[in-house]
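I opened my notebook to go through one structure, a few residues at a time. Here is what I looked up.

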Amino acid sequence: MNRTLTESEVIASVTRLTSARLTEYLAAEIVIPENTEQGLVYHSLDVARLELACELHEQYDMETDALSMMISLIDQMHGLRAELREVLSAVEAQPEPVRQNLIDVIGIARFGSK
C-alpha cells in the first residue's frame, strides 16, 4: 500500500522544510502533489524530492528556480539511466554475433575506429 501524507505531515517529516519553503517548491513545481477529494496529498517520491531540495537549498544556498532546474536535470539523468539499462538488457539478449557487431559499431561511433 502506498501511504500518502498531508501537507502538515510532510512538513513534520522532512527536515528543514517549512510551510513557506513548501509553498516556494510547489510554485516552482519541484513537487506536484496529488489533488484528491481530501485535498493535496504527497507520496514517498514527493518526500524524497523535498528532502533533496531542502538539502541542496541549504548546502548550496540555491535559489528556487535554480533548484528546480537542478532537480529536473537529476530526473532526466535517472530517466536516461533507466533507458540505458533497457537497451543493455536488449543487447545482452541477442546472440553473440549480434552483440559483437553492436560493440564494434558503438566503438566506431564513439572513438572513430575499431
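**Starting with a histidine**

I began with His-57, which is buried at a relative accessible area of 13%. My cut-offs: buried means under 20% relative accessible area, exposed means over 50%, and partly exposed is in between (1.4 Å probe, protein chains only). His-57 sits in helix α3. Leaving out residues up to four places away in sequence, I found His-57 touching Arg-21, Glu-24, Tyr-25, Met-62 and Leu-67. A contact here is heavy atoms within 4.5 Å.

**What I am looking at**

I noted that this is a predicted model, where local features need pLDDT of at least 70 and side-chain atom pairs count only at pLDDT 80 or more, while totals for chains, interfaces and linings use all residues. Residues are numbered from 1 along each chain as its sequence is written, and side-chain values use heavy atoms, without hydrogens and water.

**Salt bridges**

How many salt bridges does the structure hold? I got 4. The rule is a side-chain nitrogen of Lys or Arg within 4 Å of a carboxyl oxygen of Asp or Glu.

One of them joins the side chains of Arg-21 and Glu-58, at 3.2 Å from N to O. Arg-21 is in helix α2 (residues 19-27) and Glu-58 in helix α3, so this pair ties together parts that are 37 residues apart in sequence. I also checked the cover: Arg-21 counts as buried at 14% relative accessibility, and Glu-58 as partly exposed at 43%.

Next I looked at Asp-75 and Arg-49, whose closest N and O atoms are 2.7 Å apart in a salt bridge. Asp-75 belongs to helix α4 and Arg-49 to helix α3, so the two tie together parts that are 26 residues apart in sequence. Asp-75 is partly exposed at 38%, whereas Arg-49 is buried at 18%.

Then I turned to Arg-99 and Glu-96, a salt bridge with its closest N and O atoms 2.4 Å apart. Both partners lie in helix α5 (residues 96-111), 3 residues apart, about one turn of the helix. Arg-99 is partly exposed at 26%, and so is Glu-96 at 44%.

**Surface patches**

Which residues gather in a patch of negative charge on the surface? I wrote down Glu-24, Asp-61, Glu-63 and Asp-65. Patch residues have over 30% relative accessible area and no salt bridge; like charges are joined within 9 Å, nonpolar side chains (Val, Leu, Ile, Met, Phe, Trp, Tyr) within 5 Å. Glu-63 is in the loop between α3 (44-60) and α4 (64-92), and it is exposed at 60%.

I found a nonpolar surface patch too: Leu-84, Val-87 and Leu-88, with about 270 Å² of accessible area together. Leu-84 is part of helix α4.

Most residues other than glycine have a negative phi. Arg-16 is not a glycine, yet I read a positive phi of about 75°. Arg-16 is in the loop between α1 (7-13) and α2, partly exposed at 38%. Glu-29 also has a positive phi, about 60°, without being a glycine. I placed Glu-29 in the loop between α2 and β1 (34-36), where it is exposed at 54%.

Methods: Accessible areas come from the Shrake-Rupley method with a 1.4 Å probe; for residues, only the protein chains shown count as cover. Lys and Arg count as positive and Asp and Glu as negative; His and the chain ends are not counted. The place of a charge is taken as NZ of Lys, CZ of Arg, CG of Asp or CD of Glu. Helices (H or I, at least four residues) and strands (E, at least two) are DSSP runs, numbered from the N terminus.
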